[in-house]
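Dear colleague,

I am passing on the structure we spoke about, and below it I set out what was found. Please read the notes with the model open beside them.

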Amino acid sequence: MTQYLPSFIMVSLMMLAGLCSSPLVELGLVNPTATPDPYAHYRAALQPRFRNDIETLPPLPRYHITVQLDESQSQLSGVTRITIPNPTAEVVLRLYPNLSHYNGSLSISQAQINQIPVAVTPMDADSSVVRLLVPPQANGTLLDMAVVDLTFSVELGRVPNRDGSYTLFGWDGATLSLPGFYPTLAVQEAGQWVVEQPAAHCDVLFNEVALYQLDITLPQELIAVASGVTVNLINNPNQTRTWQITGGPLRDMTVMAGPFQALSETGAGATVTSYYLPGNESGARDALSHATAALRLYSDLYGAYPYTELDIVEAPLNRYGMEYTGLVMIGEDVYHQDRKYLRFLVAHEVAHQWWYAVVGNNPYQHPWLDEGLTEYSAFDYYRGVYGQARAEELLTGHWYIPFDQAMQGGIDGQVDRPAREFDPTSYQLLVYAKAALFFNALRAELGEETYRQVIQTYYTESRYKLVTPEQFLAIAERVSGQNLDHLTDKGLR
Ligand SMILES: [Zn+2]
């Protein structure tokens, strides 16, 4: 049985061996400049050796969001400034709370671009996508920067229809869930804005990475858990508290709030914190230990986790889980009566930090790419922590048998399809199980060492980007030197 060597031991060995030859580079210290570092506070969310990552990317959009929860706790209101480098003639925003299965309502009451008032035009019936025209300059040229100022409010309902749903927005008991609560820049693919609505059974957030600063004011009894890091807490005289949160590059800025308690541990250079509601400490301790072990293992196998924090949060998701950047929601049922699902669920959701948060893809068109690889990452977790036999059991019980039964039930079909072409059952069986089996077949075809190189290269070359299946397969063929058409024909098409 293979035992996993924790990464902190590896780091200690490297340091003993004198491999940290350039301490300044290792620490990610920015070269001194004559002007203040404009990104200093975003870098707080990055581990020291990744603090120059911002400079390796094209100029990123920046969000500065300031919101507060009203006294009745039914509305979140505030302003956001989105600074967009090299804007096109229009800015398209997603208002995720307006999706019918989110059951929220986001309205923009004022909009300006570069201090000129502009109209907000809905692009769909739900107003979940809106368009703003960028005022041209007097000479007709486009600006090199658009500063979009929005005043907005979000009505917070109760989390709708919890059965079988991965989406949650609003209140459930004392817990407030706020994925995608702010106007979010839509993605452009090949110069076209992606404006399609997500299917109810697929992941909703489809974002480019950006730099985020959030000031959120909540009643003092609520603990805010968010992507990025909290850099300051201000206790206001009116029994509220302002959480100043920052980070980037982040694919989203997701917030949960509630009367949480917390347990923390360090792993892979990050602080892992398990947030739970009173009474669920035992489950939270299990979630923390699996999350920390998974973070270490995936960091060693795929490439380092760049962020300083990872939060695991008990959420009103029954026995489902849901991934956001630096924040993983785990359904409350696995903290008690469904504890047997906790290990797999945490292993899956933590892997999404690699295959969603750092390496993104279009979840509406190619959901299998991140879900299949995330699902199969749990095989690595089981093998690394419990040994080959347990991993083989997972392979058989979790993917082979369900997929065999699906085939007998006539559910087999193409994996690489848009999410809306599946129903919830075929989505689960093909986008998860059959796609996981594709990665298993890829490993068998390439051999352990080459498969590892493919995954590591994919991660390293795709960090903070949005990738397509074609790009993944091109990397796999380039690194392995093999034509993989026979595998993709059988496993994906
Ligand atoms: Zn997933």
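Which residues in H7 meet which residues in H8? Leu442, Arg443 and Leu446 in H7 meet Glu448, Thr450, Tyr451 and Val454 in H8, where two residues are in contact if their C-beta atoms, placed from the backbone, lie within 7 Å.

Before going further, please note that this is a predicted model, in which local features need pLDDT of at least 70 and side-chain atom pairs count only at pLDDT 80 or more, while totals for chains, interfaces and linings use all residues. Residues are numbered from 1 along each chain as its sequence is written.

To stay with that helix pair, the residues of the contact divide into four nonpolar, one polar and two charged, with Ala, Val, Leu, Ile, Met, Phe, Trp, Tyr, Cys and Pro counted as nonpolar, Asp, Glu, Lys and Arg as charged, and the others, Gly among them, as polar. The axes of H7 (residues 424-446) and H8 (residues 448-462) come within 6 Å and cross at roughly 125°; helices (H or I, at least four residues) and strands (E, at least two) are DSSP runs, numbered from the N terminus, and axes are lines fitted to C-alpha atoms, for helices over the stretch in contact, with angles running from 0 to 180 degrees between N-to-C directions. H7 and H8 are therefore oblique to each other, given that angles under 35 degrees count as roughly parallel, over 145 as roughly antiparallel, 65 to 115 as roughly perpendicular and the rest as oblique.

As for the domains, the assignment, which is automatic or from a database, gives domain 1 (62-351) and domain 2 (365-491), and their C-alpha centres lie 27 Å apart. Between them, 21 residues of domain 1 are in contact with 20 residues of domain 2. On the side of domain 1 that touches domain 2, helices H3 (281-302) and H4 (342-351) each supply at least two residues, and H3 gives the most, with six. By class, that side of domain 1 has 15 nonpolar, four polar and two charged residues.

Turning to the strands, E1 (residues 62-69) and E2 (residues 75-85) run antiparallel and are joined by eight bridges, a pair being called when DSSP finds at least two bridges between two strands. Thr66 stands opposite Val79 in E2, and in the hairpin of E1 and E2, with five residues between the strands, Gln73 takes a positive phi near 60°. E2 also pairs with E8 (residues 145-155) in the antiparallel sense, over eleven bridges, and here Pro85 stands opposite Met145 in E8.

With best wishes
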